[in-house]
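User: I would like to learn how to read a fold from its coordinates, feature by feature. Could you take me through one chain, giving the general idea first and then the case at hand?

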Amino acid sequence: MKRLCLLTLFTFMVLFLVSCSNGSAEIEELTPVESVELTIQMFETERIILNGGMYEEGEYETFTYKGGRYRYLAAHLNTKKKLMATLQETMTKKAAKRFIKENGIIKHKRKMAQLDTVIRSEDPLYRYDSATAKELKAKKKKKTVQLTVPIGETRTAATLTVFFKYDGNGWRIDKIES
């Protein structure tokens with residue numbers, strides 16, 4: 001009986017130590033290349049959402065609301081849960097909410113919708129695939145990175161300051177300033 005108690009105690013101690021070591025995992029590093037890739041992915045996600053999503057045949061539906069012509073977002077984005085999940089693949093929850101508000105995305109008859117207009121696509125002159133990144137500030141769960149994005153074939157470039165935050169799922173963009 002005494003051995004059984006000691007064995008049980010030992011087992012609990014081992015399990016406790018293992019669970020404690022898993023909870024204190026290191027935060028993964030955000031490399032300059034990864035910061036550029038995440039920013040490109042975020043801009044692509046925004047472009048798709050601002051154009052209503054990726055509609056299937058017969059899915060595009062419009063309606064009039066408060067004097068404006070609106071369209072429902074495509075099925076893969078048509079609920080707030082789906083839209084937020086898509087946005088939060090690259091940005092923080094706070095940034096996702098800000099994006100929805102700033103772009104006039106509304107909920108109508110339990111579906112997400114936006115004004116029925118052709119929305120900008122990213123500037124084709126900006127060559128994000130050739131962008132470079134320089135870390136400006138770094139804390140444990142926050143980083144500020146300066147991206148330099150070449151413009152066309154000129155010798156000029158745009159400069160963006162990208163603020164990243166680490167959440168339990170990895171690094172996410174919190175804000176971008178140009």
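Predicted model: local features only at pLDDT ≥ 70, side-chain atom pairs only at ≥ 80, totals over all residues.

User: What do β1 and β2 form, and which residue in the turn has a positive phi?

Analyst: They form a hairpin with two residues between the strands, and Lys66, in the turn, has a positive phi of about 50°.

User: How do the elements of the chain run from the N terminus on?

Analyst: The order is α-α-β-β-α-α-β-β-β-β-β-β, made up of four helices and eight strands.

User: Which strands stand at the edges of the open sheet, and why is one side of each left without a neighbour?

Analyst: The open sheet has four strands in the order β5-β6-β7-β8, with antiparallel pairing. Strands β5 (132–138) and β8 (170–177) stand at the edges, and because each has a single partner strand, one side of each lacks a neighbour in the sheet. Neighbouring strands here are turned against each other by 30° on average, direction ignored.

User: How should I check the length of α2, and which of its residues are buried?

Analyst: One can compare an expected span with the distance between the end C-alpha atoms: at 1.5 Å a residue, the 19 residues of α2 should span 27 Å, and its end C-alpha atoms are 27 Å apart, so the two agree. The buried residues of α2 are Ser35, Val36, Leu38, Thr39, Met42, Phe43, Thr45, Glu46, Ile49 and Leu50. After the helix comes Gly52, whose phi is positive, near 95°.

User: Which residues of the largest nonpolar core touch the most other members?

Analyst: The general idea is that in soluble globular proteins nonpolar side chains tend to be buried together. In this chain, the largest nonpolar core has 30 residues, of which Leu83, Leu87, Ile105 and Phe164 touch the most other members. At least two residues of this core come from each of α2, α3 (80–87), α4 (93–102), β6, β7 and β8, and the largest share, six residues, is supplied by α2. Leaving aside residues up to four places away in sequence, Ile105 touches Ile49, Leu73, Leu83, Phe99, Ile100, Met112, Ala113 and Gln114.

User: Is Met54 buried or exposed?

Analyst: With a relative accessible area of 56%, Met54 lies above the 50% cut-off and therefore counts as exposed. Met54 is found in the loop between α2 and β1, and its contacts, not counting residues up to four places away in sequence, are Ile48, Glu59, Ala74 and His76. The C-alpha atoms of Met54 and Ala74 are separated by 5.9 Å, although the two residues are 20 residues apart along the chain.

User: How much of the chain as a whole counts as buried?

Analyst: Of its 178 residues, 33% count as buried, while the chain exposes about 12,100 Å², of which carbon and sulfur atoms supply 55%. Among contacts with a separation of 6 or more, 53% are between residues 24 or more positions apart.

Note on methods: Residues numbered from 1 in each chain as written. Heavy atoms only, no water. Pairing = 2+ DSSP bridges. Axes fitted to C-alpha atoms, helices over the stretch in contact; angles between N-to-C directions. Buried < 20%, exposed > 50% of the residue type's maximum accessible area, 1.4 Å probe, protein only. Contact = heavy atoms within 4.5 Å. Areas by Shrake-Rupley, 256 points an atom, 1.4 Å probe, with all protein chains shown as cover. Core = buried A, V, L, I, M, F, W, Y, C linked by side-chain atoms within 4.5 Å. Expected span 1.5 Å × (residues − 1).
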